[in-house]
Amino acid sequence: MAETLAAPAPVGQRTSRSLGTSRSRRRYWIILSILLVLAVGFAFGLLAWDNPMPFSTSGFWRIAELRAANLVVMVIVAICQATATVSFQTVANNRIVTPSIMGFESLYVAVQTSAVYFLGAAGVIALQGLPQFLLQIALMVAFALVLYGWLLSGRYANLQIMLLIGIIIGGGLGSVATFMQRLLTPSEFDVLAARLFGNISNAHTEYLPVAIPLCIVPAVLLWLNARRLNIVSLGRESSIGLGLNHRAELMKVLFLVSILMAVSTALVGPMTFLGFLVATLAYQFADSYDHRLVFPVAALTCFVVLSGAYFVMRNIFYAHGVVSIVIELVGGAVFLFVILRKGRL
Amino acid sequence: MISLSEVLKEYSSEVAIGPVDLEIPRGGITALVGPNGAGKSTLLTMIGRLLGLDAGTIEIAGYDVASTPSKDLAKIVSILRQENHFITRLTVRQLVAFGRFPYSKGRLTVADEKIVSEAIDFLGLGVLENRYLDQLSGGQRQRAYVAMVLSQDTEYVLLDEPLNNLDMRHSVQMMQHLHRAAEELGRTIVIVLHDINFAGHYADRICAMKEGRVVEFGTPAEILTDDVLTRVFDTPVRVIDGPNGPLAVYY
Ligand SMILES: Nc1ncnc2c1ncn2[C@@H]1O[C@H](COP(=O)(O)OP(=O)(O)OP(=O)(O)O)[C@@H](O)[C@H]1O
Ligand SMILES: [Mg+2]
């Protein structure tokens with residue numbers, strides 16, 4: 001290495017760590033702090049704003065407690081959607097896909113619709129309860145595993161084909177659901193429609209003891225896997241070359257992603273573009289390839305988007321039912337914008 | 001030693017690579033040459049276990065590439081592919097540091113950083129090490145990829161057209177370095193080259209492929225003849241005596 005002509009960078013500053021320069025480090029921590037402040041601000045706002053009781057009376061706390069459950073749901077959804085989407089995009093090697101296109105949402109819609117179709121308005125009630133909640137999650141995870149397992153173990157194992165088949169199955173389930181919806185009475189349809197838009201108030205407090213661990217455990221496992229995900233993001237060949245068992249890694253990540261997506265969907269309903277919106281923003285904010293940096297930013301961003309949207313819609317427009325519609329609208333617009341700007345999928 | 005026996009890859013009923021039987025001895029540089037579509041990249045990626053075989057076996061240093069765990073092979077063999085593109089926002093140094101993954105599992109030690117620095121400096125990327133990959137020229141990026149492979153620090157190194165996009169100076173520097181690595185560190189280097197004169201000058205052995213088969217294997221002196229080169233490349237080649245050994249003239 002004697003004939004090096006270019007001057008090497010000064011010793012002591014040379015590091016391969018992400019956030020190697022003090023400038024990027026400062027930038028990252030400033031953004032993280034801003035997100036944290038916003039998150040705490042919105043959380044406090046949702047708890048305390050418009051609380052009819054005077055601050056720090058027992059009535060105030062009782063109302064705040066009721067609202068806190070909603071907040072916990074938002075935290076769960078934020079962690080699920082953000083972690084799942086970032087991981088999924090990495091294993092798919094594509095920054096504009098979202099795991100919801102894998103058919104989770106169509107499955108959720110199909111299950112909800114058939115319940116109402118076969119049982120009438122009572123069907124929605126029949127789907128509420130802890131066992132039913134668990135069953136829905138199990139169904140969605142099983143669906144995903146069968147699909148992944150089947151498609152990734154074949155000779156033509158190919159993620160693109162898997163995505164395509166996921167979309168097709170999703171489309172098929174969606175059509176079946178639409179067909180059943182046509183046969184519902186208007187009042188039944190009304191009951192159903194409320195369940196088919198992602199809505200934080202869809203969640204029931206009784207689900208939380210199950211939903212919390214089902215969200216935390218996969219998210220922590222993915223976080224612990226972050227260094228491997230960095231390698232996976234280099235693509236199949238490079239990760240094999242660096243000693244990863246790429247297919248095993250893929251299956252592991254997809255399994256965890258499917259649990260997270262199933263929990264989020266079963267809890268609050270479909271949120272198609274939320275994950276995409278948040279992952280795109282998180283990569284802009286974190287400005288790094290390193291999943292250990294991207295995950296926290298993504299989860300915080302997701303919580304800020306959710307809680308911010310709820311806060312604004314509830315307290316300024318008095319319309320908290322349409323929050324997810326607004327988020328989806330913004331997410332969808334960003335999605336289109338990114339596709340049009342990149343000019344490819 | 002790298003040994004291939006009855007190695008076969010069938011892309012379709014018309015296009016098949018192999019069957020190839022080949023022994024690449026330990027140490028030194030082996031150049032893989034041949035016309036476009038001869039199967040050089042296919043063979044190299046199969047040796048580097050990035051592509052499955054349809055038949056046959058490949059062993060590197062006695063390890064069967066199909067059955068040895070990938071993480072063990074990653075400390076024995078490294079491979080540079082012909083095409084590389086990474087979508088993530090990476091700096092040169094971060095990319096090169098990925099080469100240490102088989103050892104560090106992502107937790108870089110001081111020793112790892114030192115090897116990364118060496119690989120970067122050798123390829124003259126010191127001043128560029130904090131640039132993002134998408135801010136580099138084609139040749140600079142190619143050098144970054146090669147630096148990543150070198151930082152993996154393996155006994156067997158497979159390089160598919162590493163001189164792609166490189167200017168004269170960097171091509172010569174890279175070949176000199178590889179030559180020294182083979183000589184002094186006992187590395188076994190298999191390299192796909194299109195410039196037959198580079199192969200003739202720097203390689204210890206040349207393996208010529210054509211239409212999916214190995215058609216010649218020998219020392220540069222044996223391969224660099226009018227006869228053999230004309231046959232392999234299907235184009236008239238004359239070999240003359242140059243100042244530094246035989247020189248193939250084909251333009
Ligand atoms: N994925 C693939 N599917 C089908 N055929 C392929 C595939 N990859 C390569 N081939 C075919 O196999 C043959 C060998 O290709 P290969 O890339 O190994 O050639 P090469 O010797 O590296 O050529 P070059 O000098 O152009 O890099 C070619 O005929 C090519 O068309
Ligand atoms: Mg090739």
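Author: Between chain A and chain B an area of about 3400 Å² is buried, 55% of it given by carbon and sulfur atoms; buried area here is the accessible area, found with a 1.4 Å probe, that two parts lose on being put together, summed over both. This is a predicted model, in which local features need pLDDT of at least 70 and side-chain atom pairs count only at pLDDT 80 or more, while totals for chains, interfaces and linings use all residues. Residues are numbered from 1 along each chain as its sequence is written, chains are lettered from A and ligands numbered from 1 in the order in which they are written, and side-chain values use heavy atoms, with hydrogens and water left out.

To the contact, which means heavy atoms within 4.5 Å, chain A brings 34 residues and chain B brings 43 residues. Across this interface there are 6 residue pairs in polar contact, both residues being at pLDDT 80 or more; a polar contact is a pair of N or O atoms within 3.5 Å, where within protein one must be able to donate a hydrogen and the other to accept it, and residues adjacent in sequence count only if both atoms are side-chain atoms. On the side of chain A that touches chain B, the elements that give two or more residues are helix H9 (226–232) and helix H10 (236–241), and H10(A) gives the most, with 5 residues. Helices (H or I, at least four residues) and strands (E, at least two) are DSSP runs, numbered from the N terminus.

Between the two chains the count is 1 salt bridge, a term for a side-chain nitrogen of Lys or Arg within 4 Å of a carboxyl oxygen of Asp or Glu. In this salt bridge the side chain of B:Arg81 meets that of A:Glu237, at 3.6 Å from N to O. A:Glu237 has a relative accessible area of 26% and is therefore partly exposed, a class that lies between buried (under 20%) and exposed (over 50%), with a 1.4 Å probe and protein chains only. The pair joins two chains, because B:Arg81 lies in the loop between strand E6 (77–80) and helix H3 (92–98) of chain B, whereas A:Glu237 lies in helix H10 of chain A.

Helix H9 of chain A also holds A:Arg228, which is paired with A:Glu249 in helix H11 (residues 246–268), 21 residues apart.
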